[in-house]
Amino acid sequence: MIRRARRAPAALSAGLALALASASCHTPDPKALLDVSDVDAYWAVEPPMGGEQYIAPAVKFKLHDKSDEPQTSIQAMAVFRRKGEENLTWGSGFEQVASRRAPLASGQSMVVTLKSDARYHSGGAVEGMLTHPQFRDALVEFFLRVGSSGWISFGQVPVERRIGARGVAEAVAAAPGLGFTPSPPPSARPSSPASPLPSPSPPPSASTPPSR
C-alpha cells in the first residue's frame, strides 16, 4: 500500500521558516567568541616631521578565537582620552582584524595593535616629553566587533608613561648605551589643539562605540 505523506500545516511551515530565518540572522556575541589577554598600553614613537619628534599612545593585546568556528569579520577600535578629560575623546585607532580572505581560525591567537591618531610632538628628545610639565597621561578603552554585532568594550587601562611596548622597552633599558636620557625638551605639546577633539570617523563599515 502506498501512503501519501501528509502536508505540514501552514502555520507549522511558517513557524519553521521563521525559526530558520532567525537562526541565520543571529547576532554574534564577541565576548562569547573571543578572549583578550596580555594587554599593554604605552607610547609609540612616530616618524619625525619637520624637525619635530612625535609620540602617540597605543594599546597592544593578544586576541584568541575560543569558538569552534573561524571568524571571518572582526574589527577592533580603541578610544583614547587624556586624564582629567575623561568625558572627551582625544584620539582613536581602528583595524580590520579578520576578514574572509584572512580569517582568525578556531583556537588561533594573534596580536592586535591600535595606535591613536592624536599625538604629542616636540623639538627635543622623545623621552623628554614624558617628563615635561605640559605632558598629560592618557587612558584607552578598546572595543571589538564581530560580524553584525555592536561594538563591545573589552576593557579600559591607563597608558603607561613608557616609550615602546613592554618587551621592547625592557630590552632597550637593559642594553648598554641605549638608555633614555631624562632631560625635558624645550616644549612638549599636543599635535592637536587642547580643545575637545571630535571623535575621528571610523570606516564606513564601522559604527562609533557608545561614549562614556
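User: Hi! What pattern does the chain follow, read along the sequence?

Analyst: Along the sequence the pattern is α-α-β-β-β-β-β-β-β-β-α-β. That comes to three helices and nine strands, where helices (H or I, at least four residues) and strands (E, at least two) are DSSP runs numbered from the N terminus. This is a predicted model in which local features need pLDDT of at least 70 and side-chain atom pairs count only at pLDDT 80 or more, while totals for chains, interfaces and linings use all residues. Residues are numbered from 1 along each chain as its sequence is written, and side-chain values use heavy atoms, with hydrogens and water left out.

User: What is the mean pLDDT of the chain?

Analyst: The mean is 79, and 67% of the residues reach 70 or more. pLDDT is the predictor's confidence in each residue, from 0 to 100.

User: And where does pLDDT stay under 50 with zero contacts beyond four places in sequence?

Analyst: That is residues 1-5. Contact here means heavy atoms within 4.5 Å. Residues 175-189 also have pLDDT below 50, but that stretch has 32 contacts in the model beyond near neighbours in sequence.

User: Good to know. Switching to aromatics: how many pairs are there?

Analyst: There are seven aromatic pairs. The rule takes rings of Phe, Tyr and Trp (its six-membered ring) with centres within 6.5 Å; planes under 30 degrees apart are stacked, over 60 edge-to-face, and the rest tilted. F61 and F142 have ring centres 5.0 Å apart and planes at 20°, so they are stacked.

User: Which strands do F61 and F142 lie in?

Analyst: F61 is in β2 (residues 52-65) and F142 in β7 (residues 138-146), so the pair ties together parts 81 residues apart in sequence.

User: Are F61 and F142 buried or exposed?

Analyst: F61 is buried at 1% relative accessible area, and F142 is buried too, at 2%. The cut-offs are under 20% for buried, over 50% for exposed, and partly exposed in between (1.4 Å probe, protein chains only). Across the 212 residues of the chain, 38% count as buried.

User: Which residues do ring pairs link into a cluster?

Analyst: W43, W90, Y120 and F135. Y120 also has a polar partner: its side chain makes a polar contact with the side chain of R82 at 3.4 Å. Such a contact is a pair of N or O atoms within 3.5 Å; within protein, one must be able to donate a hydrogen and the other to accept it, and residues adjacent in sequence count only if both atoms are side-chain atoms.

User: Where is R82, then?

Analyst: R82 sits in strand β3 (residues 74-82) and is buried, with a relative accessible area of 4%. Its C-alpha atom is separated by 4.1 Å from that of A138, 56 residues away along the chain.

User: Next, S116. What does its side chain reach?

Analyst: The side chain of S116 reaches the backbone nitrogen of A118 at 2.9 Å. S116 lies in the loop between β5 (109-115) and β6 (120-122), and is buried at 4% relative accessible area. Not counting residues up to four places away in sequence, S116 touches A56, P57, F80, G91 and S92.

User: Last one: what is phi of D38 near?

Analyst: Phi of D38 is near 55°, a positive value in a residue other than glycine. Most residues other than glycine have a negative phi. D38 is found in strand β1 (residues 34-49) and counts as exposed, at 52% relative accessibility.
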